[in-house]
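Trainee: Could you take me closely through one part of this model, the sheet with parallel pairing, and then show me what lies around it?

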Amino acid sequence: MQLVVDGVNKSFGSKKVLNDINITVKPNEIICVLGHSGCGKSTLLNLIAGFLKADSGVLQVNGEDITGPHKSRGVVFQDHALFPWYDVLTNIAFGLTVQGMPEKKAKVVAEEYLNMIGLSDYANHYPDELSGGMKQRVGIARALASGPNILLMDEPFGALDILTRDTMRKELLKICQELKPMVIFVTHSISEAIHL
């Protein structure tokens, strides 16, 4: 699995956000995209996710153009984006059921990822019953459950306190060592980028 971003440009109206961006990411690499707010980090991530289209340039995974969202690219947002009306297990299983997996099997897979993030005791809890760090762990489990080769993370720890952020970075590295996805991690924190 290789990601290629070649000569990518993106503007919104008259404002040029990305100018001739070039990146090649190899399998199992963790790449941090570092920069200040408003510099285009999230725009680049959204292009790779397939949520946006570039004005020009090439975005490819394994030689195939990125033309839209795909289950091979999981996204973890800054805001956990969990469904408040679903319990934790159902939140993790949701993407699998949308992809056509039978609900019973999807919940078995979701339980595996719930165990991986250390929250198996919270399967029947709702998002508003969880701490910020727990919600982000559920968001990561949901993104990983569909088996993506590329994990796109848009400042997922930005809203967490410093101690929880440190714990979450360690958890992420542990998950990456086990599952070995390619990770594109957007941050404005130099220390976070260095750590990862």
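Mentor: Happy to! Strand β7 and strand β8 (residues 182-187) run parallel and are joined by five bridges. One place to look is leucine 151, which stands opposite valine 183 in β8. Two strands are said to pair if DSSP finds at least two bridges between them. Helices (H or I, at least four residues) and strands (E, at least two) are DSSP runs, numbered from the N terminus.

Before we go on, keep in mind that this is a predicted model, where local features need pLDDT of at least 70, side-chain atom pairs count only at pLDDT 80 or more, and totals for chains, interfaces and linings use all residues. Residues are numbered from 1 along each chain as its sequence is written, and side-chain values use heavy atoms, with hydrogens and water left out.

β7 and β8 belong to an open sheet of four strands, in the order β3-β8-β7-β6, with parallel pairing. At its edges are β3 and β6 (73-76), each pairing on one side only. From one strand to the next, the twist averages 15 degrees.

α1 lies across β3, β6, β7 and β8, and runs at about 150 degrees to β7. α5 also packs on this sheet, where it touches β3, β7 and β8, with its direction at about 165 degrees to that of β8. Contact here means heavy atoms within 4.5 Å. Axes are lines fitted to C-alpha atoms, for helices over the stretch in contact, and angles run from 0 to 180 degrees between N-to-C directions.

Follow the chain out of β7 and you reach glutamate 155, in the loop between β7 (150-154) and α5 (162-179). Is glutamate 155 buried or exposed? At 10% relative accessibility, glutamate 155 is buried (under 20% relative accessible area; over 50% is exposed and in between is partly exposed, with a 1.4 Å probe and protein chains only). Asparagine 28 also has a positive phi, near 70 degrees, and sits in the loop between β2 and β3 (30-34). Asparagine 28 is partly exposed, at 48% relative accessible area.

Strand β1 (residues 3-12) pairs with β2 in the antiparallel sense over seven bridges, and valine 4 has threonine 24 in β2 as its bridge partner.

On the β4 side, five bridges join β1 to β4, and the two run antiparallel; asparagine 9 stands opposite serine 56 in β4. β4 and β5 are antiparallel as well, with two bridges, and glutamine 60 stands opposite aspartate 65 in β5. Finish at their hairpin, where two residues lie between the strands and asparagine 62 takes a positive phi near 55 degrees.
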